[in-house]
Structures are given as structure tokens and as C-alpha cells.
Amino acid sequence: GMVAYSNPFPALPDAKEPYKNNWLDSNGDDEYTSVMHYKPIEFSVKFYVKTFATETDSAVKILHDQLDSFFQKIKEGNFYTYDSYTGIGLRMVRYVGYKEEQFRARGNYAMLIFEVQFKCNDPITRMTISDNKIVQK
């Protein structure tokens, strides 16, 4: 029931500063670049949720149940993400935070726009979808 409203995945990570020596009797730096390492990727996804009341539950209750279900999936440890629009999948992603942008409940519907912040500690391993599962490319 949630739609990604805005999903600005960064395509490439930033490199970490390589280990180096600055020898005073040599030009430039002596950088150790045989293996490069990369900074984690931090990104936010904005979601839009709109629910309608049923005979048994209010729209606000259904909205809160959906939000709680989403949080149950991301609240502990690392997980995978995949964005079908950009084709970018990541692993070792963790939940960082939540910001509510807009909430509205009127009559038989409720609507919420919120943003979730994530951090990916493996910015170079790409993931994809295969047989409805997120797997490494």
C-alpha cells in the first residue's frame, strides 16, 4: 500500500581518501591505490500512503498498521533494497531515521507522506531481482 514518492538513489559512491605518505623529498603524495575503498551511501526515500476505511477498521488504523508492518521489516539489522525504476539494488542497508511530512485524515480516508533515511555500508555490490528475490548481480 506504499508508493515511493521520491527515490533519489545515488548511482556511484564517493571514494575514501587513500592511505598516503607525503615524503618531503618527493613530488606529490605516495598514495596506496591498489585497492580503493568507498564511503557509505546515505539516501532518503519519500513514501506516499493513502488508505480507505473498511467496515471493520478506520482509515487511520489501516494506515498505522501499514506503517508498523513496514517498520517491522526494516527496524533490525541489514537488509536489501531494489529500485525497479533505476535498476539499482543495494545490500547491507540499514534504517537511520524517519521524518513525517504530511498527514491528513478526512472522512473515510487517511493520507501520509513521510521520508525514511537509509545508510548502505556496501556501496559497490550491486543487487538485482531474480525470481521475486533480491540477489547479487
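**Figure 1. Contacts and overall form of the protein.** Of the contacts in the protein with a separation of 6 or more, 60% are between residues 24 or more positions apart. The model shown is a predicted one. One helix and eight strands make up its secondary structure, and along the sequence they follow the pattern β-β-β-β-α-β-β-β-β. The C-alpha trace spans about 80 × 35 × 25 Å along the principal axes of the protein. The radius of gyration is 21 Å, whereas a compact globule of 137 residues would have one near 14 Å.

Figure 2. Of the 137 residues, 30% count as buried.

**Figure 3. Glu115 and the residues around it.** Glu115 is in strand 7, which covers residues 109-130. With a relative accessible area of 19%, Glu115 counts as buried because the cut-off is under 20%. The side chain of Glu115 is joined to that of Ser44 by a polar contact of 3.4 Å. Leaving out residues up to four places away in sequence, Glu115 touches Ser44, Val45, Lys46, Gly97, Tyr98 and Lys99. Strand 4 consists of residues 41-52, and strand 6 of residues 88-106. Ser44, Val45 and Lys46 therefore fall within the numbering of strand 4, and Gly97, Tyr98 and Lys99 within that of strand 6.

**Figure 4. Met92, a residue with positive phi in a strand.** Most residues other than glycine have a negative phi. Met92 has a phi near 55°, a positive value in a residue that is not glycine. Met92 belongs to strand 6, residues 88-106. The relative accessible area of Met92 is 32%, so this residue is partly exposed.

**Figure 5. Asn132, a residue with positive phi in a loop.** Phi of Asn132 is near 60°, again positive in a residue other than glycine. Asn132 sits in the loop that runs between strand 7 (109-130) and strand 8 (133-136). Its relative accessible area is 78%, and Asn132 is therefore exposed, the cut-off being over 50%.

**Figure 6. His64 in the helix, with its distance to Asn132.** His64 is located in helix 1, which is formed by residues 59-74. The relative accessibility of His64 is 41%, so His64 counts as partly exposed. Between His64 and Asn132 there are 68 residues of sequence separation, and their C-alpha atoms are 26 Å apart in space.

Figure 7. Ala53 lies in the loop between strand 4 (41-52) and helix 1. At a relative accessibility of 35%, Ala53 is partly exposed. Apart from its neighbours within four places in sequence, Ala53 is in contact with Ser58, Ala59, Ile62 and Asn108. Two of these residues, Ala59 and Ile62, have numbers that fall within helix 1 (59-74). Ala53 and Tyr109 are 56 residues apart in sequence, with a C-alpha to C-alpha distance of 6.0 Å.

Note on methods
Residues are numbered from 1 along each chain as its sequence is written. This is a predicted model: local features need pLDDT of at least 70, side-chain atom pairs count only at pLDDT 80 or more; totals for chains, interfaces and linings use all residues. Side-chain values use heavy atoms; hydrogens and water are left out. Helices (H or I, at least four residues) and strands (E, at least two) are DSSP runs, numbered from the N terminus. The radius of gyration is taken over C-alpha atoms; the globule rule is 2.2 Å times the number of residues to the power 0.38. Buried means under 20% relative accessible area, exposed over 50%, partly exposed in between (1.4 Å probe, protein chains only). Contact means heavy atoms within 4.5 Å. A polar contact is a pair of N or O atoms within 3.5 Å; within protein, one must be able to donate a hydrogen and the other to accept it, and residues adjacent in sequence count only if both atoms are side-chain atoms.
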